[in-house]
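Open the model in your viewer and keep the selection panel at hand.

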Amino acid sequence: MICKKVCLLIETTSPRGSLGLYSLSSEKSIDRPLLVKEWKGPSHSSAITPAFESILNFYLKPADFSSSVVTNHSYLKTLSSHIAFIALGIGPGRFTGVRVGVSFAKTLGFLLRRPIYPVSSLKILAQSQVEQEKPILVILNAFKNSVYKALYQKKESKLEELIPPCVVLPKDIGKGIFEKCVCIGDAYSVYKDLLPDDLRDKLQVKENIFPKVEYLASLLQRELKVSHYVDWRELKPVYLRSPVSLIKT
């Protein structure tokens, strides 16, 4: 049975990609997943469209599925009457993955005439540890001897941003870290030998966790705000490019 309203969630900012269709109990409240597709990179561009078509074929069950959903106008018209909004991680993260996700969301936002809800990929990753009482340090490998970093803390079941997403040298990861933290992201394993002992002693490291639509849905269940919607024309990726002086080794 088709729900009156659903939302489409996209996450492609890491080596893992995921796409999910979630039902809404209201236009401001995500209910449950209808179908989620996950895949491993390196190419998100070759995986995201088949995953999207598979999800929507399951959801709408069209009688004629002989053409691509992105060129089947009657199919898109039917779909637009059900999708309330699109949400996605906009970076920082892997450059190509961020670009693929944002481009895909912009295309659908234009075709379906639906708003888009952008979310930091670092916050999506932090959401995986939202039940932790300790601060949550997210560090991702930005390559060229640099690291994407952000720090969050649970406050009344939501994530409060203590250090906003930024790009730093590995030696500066510990700046602003004054107590024991849960540490997630792939940068720790890459740069751990460059970290001072006093910082390593503060970190409870959890590895092999990637941002995905499951965490994005959980985050939106707690803090979906209508004021955060943007038009497809306004959607921009977050790359946080390092200045030349930062990436010299």
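Select Phe104 first: its relative accessible area is 10%, so Phe104 is buried (under 20% relative accessible area; exposed is over 50%, partly exposed in between; 1.4 Å probe, protein chains only). This is a predicted model, where local features need pLDDT of at least 70, side-chain atom pairs count only at pLDDT 80 or more, and totals for chains, interfaces and linings use all residues. Residues are numbered from 1 along each chain as its sequence is written, and side-chain values use heavy atoms, without hydrogens and water.

Rings of Phe, Tyr and Trp (its six-membered ring) pair if their centres lie within 6.5 Å; planes under 30 degrees apart are stacked, over 60 edge-to-face, the rest tilted. The count comes to five aromatic pairs. Phe52 and Phe104 have ring centres 5.4 Å apart and planes at 85°, so they are edge-to-face. Phe52 is in helix 1 (residues 45-60) and Phe104 in helix 3, so the pair ties together parts 52 residues apart in sequence. Helices (H or I, at least four residues) and strands (E, at least two) are DSSP runs, numbered from the N terminus.

Now pick Tyr117 and Tyr229. Their centres lie 5.5 Å apart with planes at 80°, so this pair is edge-to-face. Both Tyr117 and Tyr229 are buried.

Next, show strand 4 (residues 83-89) and strand 5 (residues 116-119), which pair in the parallel sense over four bridges (pairing takes at least two DSSP bridges). Ile86 stands opposite Ile116 in strand 5.
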